[in-house]
Amino acid sequence: MRRGPGTPRPRPAAAAGGRRENNGKRPAKMGKNKGKRMGKTAKTTKTVARRSGIRVADAAAAAERAAARQEAEEAARRAHHLKELSFTSGAERALEELVFGDSLHVEEDDLLRCLAGPQGHNDPERETLQKDSSDSEVENEAKGNLLTKKPAWVDEDDEAEENVDMTHRYRKDFMKSDAEKTLTKKKLKRRLEEQFQRAMGGVPAWANLENRKKSKKTASDSESDEDDDLLRRTGNFVTNSESLPRGILKMGICLPANQERFANGRLATVQFHPSAQVVMTAGHDRSVSLFQVDGIKNPKIQSIYLESFPIYKACFSVDGEYVIATGTHHRMFFVYDMMSGNIIPIQKVRGVEERFLRSFELSPDGSFMLVTGTSGYLHLLSMKTKELISTMKVNGRCTASAFTPDSSKVYSYSKEGEVFIWDVRSRKCLHKFEDEGSLEGKCIALSKNNQYVACGSASGVVNLYTTDACLKERRPKPVKAIMNLVTSATCVTFNPTTEILAVASREADEAVKLL
């Protein structure tokens, strides 16, 4: 059956199950085509593999060419950098290469060798340094020449050593033999220093200037360390006293302190040195003696004699270098320098119109000297110049006075039993209170911790007050009234730890009470 041009080709009818019927030729043709396609696929795979190997080889070659190009550029850059560094010194070049890593072959030894430079090479920078060092040496030599410059002229009288007569009664104790009738001032000074150091057991801390400077430098550091230690610890900070045991205190009698030289008259003052084991005695025999207290022999260190000057009171200065002594019927007073052995008389203090200068007190900081005058006058002097600073006056007659531990106030005790509190800076009366039951005031003392005030009267009664009550009330009540003495209490004092109050009377022998 012929088809027309537009008639579609008829399809064969489908068999049962939806499949087409074939005559056996179609499957054979299809198998042949499938084999051809598989062959083509194998050929294509081989071609792709061959092309991939070529591409890998090309990539490796390109990487090698890039690495070679990069190395060439790095070598060129390094050569250019080294060319620029050729104008600098070898030390700078090596240092830059070591720091910035421009050279892989520069080691630390090479750097040190470059910094040292060759021995024979004249580096301009090195010459400049040598020139500077030579200039400093020239300056040092010039300074040395200035320090060791000889004087323009020499006086023969200055070079001559002055001899001191050792037969004088003040210097007899320093003679080692009868042949030493004269000594030079240097030898005498050395002998005085040796005797003083032997008595002190060495050079005391206050006499060593280097230790004093070091102590000032380390004062703030030690205070901060103490504060840090205090803050690091916990617990009870209030402990029992380490100096005095509880209960009954056992006491024993030792050898007399002045065993090697007893006084020919009445003793007016006995005082311990502030920092050494030395005791001083002074009295009406016109002498001041120093003894070393060891409890075995108590050897005498030195004695000075003040002609026609019976001593009313003597006292060590706060630093322990001087002794101040007043007389019984004199306007003047003496200052004894223990370091140099000089006795300095203070003839008269300008502005102090007193017939006698007897009782005085020294401030704890060593700046002031308070002289008790007649008619209630208190004269405040400077310890440095021994000149009058100001004058204060109480009602009636002043019998005793005392400084506070910080030297800011003065307590003055009148004969009428009134206590006046003065400000040292302004010299004004801050407060006044009455001592309970006092008929006549005799002595007054303040504790070292500024907590208590003790007032002794002519009746033998000693009243103990707190400083807070004394500063606020006009008639404070005493914390304790001590009535152990039957004679007038002429001396009261606290121990350094404010644990013992000593009361004594001059009107009876061995009239001392410890509380």
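Predicted model: local features only at pLDDT ≥ 70, side-chain atom pairs only at ≥ 80, totals over all residues.
**Entry 1: Thr493**

I started with Thr493, which counts as partly exposed at 38% relative accessibility. My scale for this: buried is under 20% relative accessible area, exposed is over 50%, and partly exposed lies in between, with a 1.4 Å probe and protein chains only. Thr493 sits in strand S23 (residues 491-494). Strands (E, at least two residues) and helices (H or I, at least four) are DSSP runs, numbered from the N terminus. Setting aside residues up to four places away in sequence, I found Thr493 touching Ala445, Ile500, Leu501 and Ala502; a contact means heavy atoms within 4.5 Å. I also looked up Val453, 40 residues from Thr493 along the chain, and the two C-alpha atoms are separated by 9.8 Å.

Residues are numbered from 1 along each chain as its sequence is written, and side-chain values use heavy atoms, with hydrogens and water left out.

**Entry 2: the whole protein**

I then stepped back to the overall counts. The protein has nine helices and 25 strands, and buried residues make up 29% of its 515 residues. Of the contacts between residues at least 6 apart in sequence, 38% join residues at least 24 apart. The accessible surface comes to about 35900 Å², and carbon and sulfur atoms hold 51% of that; these areas come from the Shrake-Rupley method with a 1.4 Å probe, and for residues only the protein chains shown count as cover.

**Entry 3: salt bridges**

How many salt bridges does the structure hold? I get seven, taking a salt bridge as a side-chain nitrogen of Lys or Arg within 4 Å of a carboxyl oxygen of Asp or Glu.

I looked up Arg261 and Asp285, whose side chains meet in a salt bridge (3.7 Å, N to O). Arg261 lies in the loop between helix H8 (219-232) and strand S3 (267-272), and Asp285 in the loop between strand S4 (278-283) and strand S5 (287-292), so the pair ties together parts that are 24 residues apart in sequence. Arg261 is partly exposed at 24% relative accessibility, whereas Asp285 is buried at 12%.

Next came Glu361 and Lys313, a salt bridge with its closest N and O atoms 3.2 Å apart. Glu361 is in strand S11 (residues 360-362) and Lys313 in strand S7 (residues 311-316), so this bridge ties together parts that are 48 residues apart in sequence. Glu361 is partly exposed at 26%, and Lys313 is buried at 18%.

For Arg475 and Glu434, the closest N and O atoms of the salt bridge are 3.4 Å apart. The pair links distant parts of the chain, 41 residues apart: Arg475 is in the loop between helix H9 (467-472) and strand S22 (480-482), and Glu434 is in strand S18 (residues 429-434). Arg475 is exposed at 63% relative accessibility, and Glu434 is partly exposed at 32%. I also noted that Glu74, Arg77 and Arg78 are joined into one network by salt bridges that share partners.

**Entry 4: cavities**

I searched a 1 Å grid over the protein atoms alone: a cavity is a set of points where a 1.4 Å probe fits but cannot get out, and lining residues have an atom within 4 Å of a point. Grid points are joined across faces, edges and corners, and a volume is the space filled by probe spheres set on the points. The count is three cavities of 30 Å³ or more.

Which residues line the largest cavity? They are Leu192, Gln195, Phe196, Leu290, Ile301, Gln302, Tyr336 and Met338, around about 70 Å³ of space. Helix H6 gives the most to this lining, with three residues. By class, I count six nonpolar, two polar and no charged residues; Ala, Val, Leu, Ile, Met, Phe, Trp, Tyr, Cys and Pro are nonpolar, Asp, Glu, Lys and Arg charged, and the others, Gly among them, polar.

The second largest cavity has a volume of about 40 Å³. Its lining has nine nonpolar, no polar and no charged residues, and strand S9 (333-337) is one of the elements that give two or more of them.

Conventions:
1 Å grid on protein atoms, 1.4 Å probe; cavity = no way out; pocket = protein on both sides within 12 Å on 5 of 7 lines; lining within 4 Å.
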